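Keep the coordinates open while reading.

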Amino acid sequence: MKIKAVIAELEGEVPVFEVISLQTLDPTMALAMIGNMFGGDPEAENPDGPKVTADPVTMKLFVRAKQSEIDSIQQMITRLETENSATNGGNLRLLPYTGG
């Protein structure tokens, strides 16, 4: 039993793939928040943290990360969407604005 624990610790967490559906939070904004949370660019070829791709058409995030990182991302998304729904009646969609 102890040998399995040591092997698991040496191997570290293995990245897994998860699809996260968004209800009110803009995928691009969620992607930016994930980048701020973990540092770096989550869409980079070899990011330091989780690898995340946002699909604004289907309102989904495609995440490849360690299970602990996915859990953190899901908690953040849940909290943000809950706050969005509670304060805005669920009818507000946040969109990032850039331009001149």
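A residue counts as exposed when its relative accessible area is over 50%, as buried under 20%, and as partly exposed in between. Phe 17 has 54% relative accessibility, so Phe 17 is exposed. The model is a predicted one.

**Overall layout**

The protein holds three helices and three strands. Read from the N terminus, the order of elements is α-β-α-β-β-α. Of the 100 residues, 26% are buried.

**The sheet**

The three strands form an open sheet in the order E1-E3-E2, and the pairing is antiparallel. Which strands stand at the edges? They are E1 and E2 (51-55). Each has a single partner strand, so one side of each lacks a neighbour in the sheet. On average, neighbouring strands are turned by 15 degrees against each other, with direction ignored.

Strands of a sheet pair through backbone hydrogen bonds, in a parallel or an antiparallel way. Here E1 and E3 run antiparallel and are joined by six bridges. E2 and E3 also pair in the antiparallel sense, over five bridges.

| Residue | Partner in E3 |
|---|---|
| Val 52 | Val 63 |
| Asp 55 | Lys 60 |

In a regular strand, side chains alternate between the two faces of the sheet. The faces of E3 can be listed residue by residue. Leu 61, Val 63 and Ala 65 make up its covered face. Lys 60, Phe 62 and Arg 64 make up the uncovered one.

**The aromatic pair**

A pair of aromatic rings is described by the distance of the centres and the angle of the planes. How many aromatic pairs does a search of the whole structure find? It finds one. The rings are those of Phe 17 and Phe 62, with centres 6.5 Å apart and planes at 15 degrees. Planes under 30 degrees apart count as stacked, so this pair is stacked.

The pair links distant parts of the chain. Phe 17 sits in strand E1 (residues 16-21) and Phe 62 in strand E3 (residues 60-65), 45 residues apart. Phe 17 is exposed at 54%. Phe 62 has a relative accessible area of 27%, so Phe 62 is partly exposed.

E2 and E3 form a hairpin with four residues between them. Met 59 lies in this loop. What is the phi of Met 59? Its phi is near 60 degrees, a positive value in a residue other than glycine. Most residues other than glycine have a negative phi. Is Met 59 buried or exposed? With a relative accessibility of 13%, Met 59 is buried.

Rolling a probe the size of a water molecule over the atoms shows where empty space is left. The count comes to one cavity of 30 Å³ or more. The largest cavity has a volume of about 40 Å³. Its lining holds 11 residues, and the closest to the centre are Phe 38, Gly 39, Pro 42, Gly 49 and Pro 50. By type, the lining of the largest cavity divides into five nonpolar, four polar and two charged residues.

Conventions: Residues numbered from 1 in each chain as written. Predicted model: local features only at pLDDT ≥ 70, side-chain atom pairs only at ≥ 80, totals over all residues. Heavy atoms only, no water. Phe/Tyr/Trp six-rings, centres within 6.5 Å; stacked < 30°, edge-to-face > 60°. Helix = DSSP H or I, 4+ residues; strand = E, 2+ residues; numbered from the N terminus. Buried < 20%, exposed > 50% of the residue type's maximum accessible area, 1.4 Å probe, protein only. 1 Å grid on protein atoms, 1.4 Å probe; cavity = no way out; pocket = protein on both sides within 12 Å on 5 of 7 lines; lining within 4 Å. Points joined across faces, edges and corners; volume = space filled by probe spheres on them. Nonpolar A, V, L, I, M, F, W, Y, C, P; charged D, E, K, R; others polar. Pairing = 2+ DSSP bridges. Axes fitted to C-alpha atoms, helices over the stretch in contact; angles between N-to-C directions.
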